[in-house]
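Here is a friendly walk through helix packing and nonpolar cores. Please have your viewer open alongside the text.

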Amino acid sequence: MSALPEEITRLLLSWSEGDEAALDRLIPLVYPELRRLARIYMGRESPAHTLQTSALINEAYLRLVDQHGVEWQNRAHFFAVAAQVMRHILIDHARSHRYAKRGAGAKRVPLDEVAIVARERAAELVALDDALTKLAEIDERKSRIVELRFFGGLTGEEIAEVMKLSPITVKREWRSAKAWLHREISKSAS
Amino acid sequence: MDNQRWRQIDELFQAAVELNPEQRASFLEDACAGDHALRSEVESMLASDSDGWDFVEKPALEVAAALLVDEQPQFAAGDTIGHYRIINAIGRGGMGEVYLAQDERLGRKVALKLLPADVTGDQSRMRRFQQEARAASALNHPNIITIYDINELDGRCFIASEFIEGETLRHRLSHQRMTISEALDIAIQIASALYVAHEAGIVHRDIKPENIMLRRDGYVKVLDFGLAKLAGQHETTNEASAAERPDISSGLVMGTVKYMSPEQARGQQVDSRSDIFSFGVVLYEMVAGRAPFEGESASELIRAILKKEPPLLTNEPDEMQRIISKALCKKKEDRYQTIEDLLADLKELRENKAVSGAGAQVATRKANASAISTSEAVAVSTVSTIEYIVSGIKRHKNAAAFILASLALVGVSLVFSMNRLSSKPRAASREMKITRIPNMERAIHVAISPTGEYITYAEMSGPAKQSAEESLWVLTVAANERVQIVPPAKVEYEGLTYSRDGQDIFYVNDGILYKIPAGGGDATKVLSDVGGTISFAPDGAQLAFSRGLNAEETALMVANVDGTGERVIATRKRPEFLAPDGPAWSPDGRLIACWVGVIAKNGSRTVMGFDPSTGEEKRITDQTWDDVGSRAIWLSDGSGLIAAASQGTEMQIWEIPYPSGEAHRITSDLNYSYSQLGLTADGKNLVALQSAWRSAVWLLPNGDSSAAAPITSGEHQDYRHVAWTPDGRILYASNVGTNRDIWIMNGDGTNPKQLTANAGVNLQPQPSADGRFVLFSSNRANEAAFNIWRMDIDGSNAVQLTHGDGEGQPVCSPNGRWVVYSAGGPNTTPLQKTLWKVSIDGGEPVQLCDKPSSGADISPDGTLIACWYARDAAPPMKVAIIPFAGGSPVKIFDATMTAIHPVRFSPGGQAINYINARPFVSNIWSQPVSGGPPAQLTQFTSEIIGGFDWSRDGHLLCSRAHSVQDVILISDFR
C-alpha cells in the first residue's frame, strides 16, 4: 500500500519549511512506491528504450501526493526528495551487488544475464556515490546538482528552478562537479 | 581540503575551462601567482574535464536498470486478466511470462503464458501458431500439455494450459545426475509425444529441457508445440532473408542454439527429422550429464553442431551409444527417419535392461523408489505443528482474521480448538503465542539467542543518510528492554547470529566475520572472506559458511570457531553458486543444508544438503524459489528446515520437511512479507522480521476513541475518504492493484463492493442527502483534469456534473439539491482553490467564495458552510464558516490546516471537526462553532487518518493507516 497522500504532503511541507527531520520520515514512505514503480518501468521498457527517470518520478508523485493538493513549489521539492530517494535505492542495490567483487553470487542475484554486466557497473555506481558524499563535504551545492540530474533525471532548467539558480550557473557547476568527481574516482581507483 | 581552498580552485577552474586550451596556461600563470599547489590542482581538474568522462551523463536509472529489475513479473497475485486471476508468477523466458492462475469461470488452476508483444504483433504468423498449438493440443496425448485457451485480452496474447506441478527437465538436470533407467523412462515419454505430433504433421522445432516438464507422479509433458515457429527462431523458408535467422549475437538464444539441428543452425527448412536431432541432444545430456556440443559463444556452438562429433559415452550400454549417434547424425538423411523407429529402439533397450535385471542403475532406482515411498509415509503420519496450524488457518478464515487482528496486540495467546481440526493426527490442544515487538521499522538484521531470552538486531540509523550507518542492539524479550551495544557506525551486520552458547554475537562486515560479546564489548575478527550467514556445528566447535573462490566458483566451507582449519566441503561453478544466505548445520551434525542458486534467465534457489565430512550431496527438496529472505534453519529435531523465500510474491515462511522435501508455505498472507528468520535452540521459538502497510476502518461509537474498534479485517489494504450513507453503509476510496476506485460496504465492514472500475482515478465519495447517489471526484473524462461526478448508489449511470479542473471534495446539501465542492486549476493547492456549488443535476456552477477556500461541509440545517479558508493566498489555512449563500466568512477560527481532508460538522452542528496530522499520528480535533480554542476529540497515539465521517446517529468513522515492520516472536512454535 502506498502512504496516504495527506501524510506525504504534510511531510513535504514540513521539509520545505526547513524541518530536516521530515525527510527522514518521508523517505521510508516514498521508498517502497518508487522501488515498485522502478520495477514496473524496468519490466515494461525494453533495453532499447531510454528509461525515463523523470517520468517514473512523476508517476510516483501523482500517486503519492494527492492530486488536489500541492503547489509547484512542493512539486519541485518532491523531485528533489525523489532524487535523493532514487540515489538511495540505486546505491542500495549497487552495494548489495558488490558481493560480485568478491567473486561469488550476490546477496540478491539478478536473474538475468544482462544483470551480470550491470553488476560490474554497480561498482562504478558505488564509487560515484562515495565521491559524491565527499563532494558534499566541500561543496554541498554541486553535490545537490549532480544528485538532481544523475539520480533524479532533472534537466538543467528544472534544477535551476528547484535550486533557485540561473541555468548558466547550474551548467558551470555541473561541469566543475563532473571534473572533480571524475578525478576523485580515478584517484581512489588507482 | 578546506572549503576556502576549494572555492579558489573551483573559481579558477570555472574561469579557465571557458578559455581555449592554449590560453589556459598564461591565465593560470597569472591567477595562481606562484602558488604551485593551487595551479596543479586546477590543472588536474582541467585534465579530468577533458577526459570526456560521461558516466554521470546518463541517468543513474539506466545504469542500474538491470539491477533494479529483479525479474519482477508484470502481474501480481490477485490481478485479473479476463476471467483469470493470477495466483503467482511461475517463470519467465524468451517466450513470455508464465503465471499460475485461477480460471474463475471454470474454477480450475491453469498455467497462463503471456506472449511478448513483439512476437504476437504479426497477425498471420499468430494465426498459424494458434492453429498448430490447437492441433497439437487436440492430439490429446498424456505426454502433450493440454491447451485450454489461446486468446487475446487487453492487447496481450496468452495461452492458458493445464497447470503441471513438477519441475522442468532442465531443473532436474541441473540438480541431479540421472540414472540410465530414469533417462530412458523420460526419453520414451518425450518420443511418444513427438510420435503422435509428427504423425499429425506437427513439428515441435524447439525440443529442449526447458520445454519438458516432469510431473511429480512421473508423467512427462512436452510443452510449447508450435511456439518456436511463432517466434521465428528456427524456421526460415527458402525465400526468407537472413534477418529471420536466429540472432546468435544475443546470449538469450544460447540455450536454444544448443539443441538446434544442423539444418536449423544453417537456417534451412526443417522437418520432423530436426526434432529427432534435438531429441538426441536432450537424450545425450540426460545420459552423459553434459551437453554433446559446447562452445564459448553461439557461433562456436553452431560450428560444433555442424562439424564436431560429440564425445563418446563411457559407462553406458553400447546400444544407448548407438541410438544417440544415430539421432545426432549431421545429415538428416543418415538419422533415424522417423521418431517411431527411435522410440522402438528405446523401448527395446528398456526391456532388455529390465530382463537382464543387471546393473547398478536399476538397483539404485529401486532404492530411490523405496526411499520416496517411505518418506511419503513419514510425511503423512507426522504432521508438523506449523502445518496443522496453517491448515487450520486455511480452513477457518475467521481464525485467520482473528490472528491478523490480534497481531496488533503484544503477547496474544491463540488457542486452537483441535476438534475443528480433527482430521489431522496429533490433535492435541496447542497454544501458540505471538509476540509482536514493535517499532522495528529500521531493523535490517535480526537474530534470537539460543535460549530465546534475547533478540539482537541491527538498525539503520536513518535511511535518509547517504551512507547508512548501522547500530547493534540487544533486546531482553521478557522485559522488552533494548540496549544499544554498538553505536551507529559504517558497519553492516550481515548474517547476524548468536554462538551456540549464546555468549557471542557473530556477524559479517565487508566479507570479514567478527564476533562481539553478547553483552557488548570489542569486536574481534574471526575469519576473512566469508560470504554471509554462518552456521555452527551442533557442538559449537566448527562453523560453516560460503565463500567466493574466484569469479567462477563458490564454495561451502567449514572452519573451527577460532578461524583455523578452513576446508572446502563443496563447490559450485557459475552459473550455479552457493548462496551467501547461508548454510545450516543439521542438529545431528551429519548434513549442512545450503541455499544453492542458479544465475540464469529463470534463475532459482533451492536447498541442497552436503555431508560435512565427505562433501557428498543430498537432495533436500525439488522445490525452487526465486528469492530468499533468510537463512534456512533446521528444526531442532532435524525433521526439516524453515526459511523465508518467495515464489514470485512476497517473502513467506516455508517449511521444508526432511527427508520428504515436500516444501509448503506456512505463512500465506500476501499483506505481509517475512525475512530474517531465527529459531531458538529448542526449536520452540521463531523470530522473524515482518513488514506491511496496513490500514483499516475504525468505528468510534459516539466519537469515543477509547471505544474505537476496527470494523475491517485487513483483506483490503487501503481505505480512505470514508463516508456514511444515510442507510448506514460506508463509502470509501481504495487503492486496489494500481488504481483508486470507489467502494461501498456494510456499516459493520462486511460485504465490500466495488462501484467504479476501469474509469480513471475515483475518489472522495459522498452520498447524496437521499442516499440515491454517490458524488465523487474523477478524472475519467480527461486524465489531466478532475471533475465532480454523480452515480447511482449501485455504481451505475455516472453523470459528469462539472467540467473545470482540479474539482473535488464534493458534499451534498441537506435538501439534496446542491453539491458544494472546491475547484482550482491542475495541481493546485488548497490555497489556490475556491468553493463552488452546482445543482445535483449539473448545470452552471456558482462560486461561493472568492478567497482561498476548500474542504467544505454543510451544517445540518443547511444554512452554513464550514471550510478551510485563508484571507490571502498565504498559509496557514484556518477553519471558517461562511453562509450557504456564499460570501465572506462569518467566523474564522484558530484551528489550522495540517492535512488536506475536508472538515465535518459534528452531528448536532455545534462543532467543526478536522484532522490534525502529526508525524505518524493523526487525531481528530473539534472546533466549537461558538468559538474558543479547539480541543482534541480522539486520543489516538499512533496511525495517520485518511478520512473520517459522522453517521446521522452520531457514530464516528475513521480510516487509519500505518506502516509496520515488526519483529515477531512466535513462542511454542512447535
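A residue counts as buried if 20 or more other C-beta atoms lie within 10 Å of its own, as exposed if 12 or fewer do, and as partly exposed in between, with C-beta atoms placed from the backbone. By that rule, buried residues make up 47% of the 974 residues in chain B.

This is a predicted model, where local features need pLDDT of at least 70 and side-chain atom pairs count only at pLDDT 80 or more, while totals for chains, interfaces and linings use all residues. Residues are numbered from 1 along each chain as its sequence is written, and chains are lettered from A and ligands numbered from 1 in the order in which they are written.

Chain B has 19 helices and 57 strands, taken as DSSP runs numbered from the N terminus (H or I, at least four residues, for helices; E, at least two, for strands). Two residues are in contact if their C-beta atoms, placed from the backbone, lie within 7 Å. Among contacts in chain B between residues at least 6 apart in sequence, 47% join residues at least 24 apart.

Now for two helix pairs. Axes are lines fitted to C-alpha atoms, for helices over the stretch in contact, and angles run from 0 to 180 degrees between N-to-C directions.

| Helix pair | Axes come within | Crossing angle |
|---|---|---|
| Helix 1 (residues 3–17) and helix 3 (residues 36–49) of chain B | 9 Å | roughly 50° |
| Helix 6 (residues 140–151) and helix 7 (residues 156–163) of chain A | 10 Å | roughly 130° |

The angle makes helix 1 of chain B oblique to helix 3 of chain B, and helix 6 of chain A is likewise oblique to helix 7 of chain A. (Under 35 degrees is roughly parallel, over 145 roughly antiparallel, 65 to 115 roughly perpendicular and the rest oblique.)

In chain B, the contact between helix 1 and helix 3 includes Leu12(B) and Phe13(B) on helix 1 and Val42(B) and Met45(B) on helix 3. In chain A, Arg144(A), Ile145(A), Leu148(A) and Arg149(A) of helix 6 meet Ile159(A), Val162(A) and Met163(A) of helix 7.

Which residues touch the most other members of the largest nonpolar core? In this core of 82 residues, they are Leu556(B), Ile592(B), Ala593(B), Leu641(B), Ala643(B) and Val967(B). A nonpolar core is a set of buried Ala, Val, Leu, Ile, Met, Phe, Trp, Tyr and Cys residues joined through C-beta atoms within 7 Å. Beyond its neighbours within four places in sequence, Val967(B) is in contact with residues including Ile437(B), Tyr457(B) and Leu689(B). A second, separate core of 78 residues includes Trp925(B) and Trp950(B).
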